[in-house]
Amino acid sequence: MAIDLKSQLGALVSLQQLDSEIYALNNEKTAKPQEIKALEEVFESKKRGLAELEKKSLDVQKQRKGKELELVSNAEAVKKLQGQLYSLKTNKEFAAMQQQISDATADGAVIEEQIILSFDESDKIKAQVEAENVKLKEEENKFTEQKKKVDERIKEIDNRLSQLKAQREQIIPQVEKKMLGDYERILQSRQGLAIAVVKDDSCGGCHMHVPPQVINLIKMYDHIITCEMCNRILYIEDEE
Ligand SMILES: [Zn+2]
């Protein structure tokens, strides 16, 4: 045996400890943006809702301006009709004109009522906008706070990852190149766990039963033994 397999396996176990943490940290880091995405979506939809309300408020104002102009020309029309009233010759013409004035005045009252209702609606929208602004501010604060937490955690993770990678670099020279290649290939394909302990006669990676003759082979440290089920490298912890 050219290499001491037992110490090689020991180095792989140390490497695995680092790689398990690296794997978990990388997963956590990948999942982080999702956490703030949900909050960001609530915040964005509140913002859209508020923009719609503000647009509605402008529409109501614009319509009211139109009504106010209508009311002015209605008042002018009534005044003009009233001015003509006394220049009329016959009772019949007089009565017809009075009817016209009364109709126009009634129209004016309707327009005035519409303007009053429009002011009420504007007040209502204004109150809604204020309430939504408060909620939006709350959502914005929540989002900013959460984003800050996530950014801090990602920074922590990155720091820890560079520590772990430095520790990794120290162990790597202890492992034979071919073995390291196998280990890393299994690491990639088996959710970050390449070397599994055999405990209570089963594989620590997939929990498949490991027969006694395989356990004997592991104990011989003649060559690498892998799990028949999950292909992970198997090892046994020292008794003591
Ligand atoms: Zn297994």
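Is Val 175 buried or exposed? Val 175 is buried, because its relative accessible area is 7%, and buried means under 20%, exposed over 50%, and partly exposed in between, using a 1.4 Å probe and protein chains only.

Hi everyone, a quick word on the model first. It is predicted, so local features need pLDDT of at least 70 and side-chain atom pairs count only at pLDDT 80 or more, while totals for chains, interfaces and linings use all residues. Residues are numbered from 1 along each chain as its sequence is written, and side-chain values use heavy atoms, with hydrogens and water left out.

Back to Val 175. Setting aside neighbours within four places in sequence, Val 175 is in contact (heavy atoms within 4.5 Å) with Gln 8, Ala 11, Leu 12 and Leu 180.

Now look at Gln 16, in helix α1, residues 5-85. Helices here are DSSP runs of H or I with at least four residues, numbered from the N terminus. Gln 16 is buried too, since its relative accessible area is 5%. Beyond residues up to four places away in sequence, Gln 16 touches several others, among them Tyr 183, Leu 187 and Ile 195.

Finally, which place does Glu 113 have? Glu 113 sits in helix α2, residues 91-171. At 44% relative accessibility, Glu 113 counts as partly exposed.

Methods. Helices (H or I, at least four residues) and strands (E, at least two) are DSSP runs, numbered from the N terminus.
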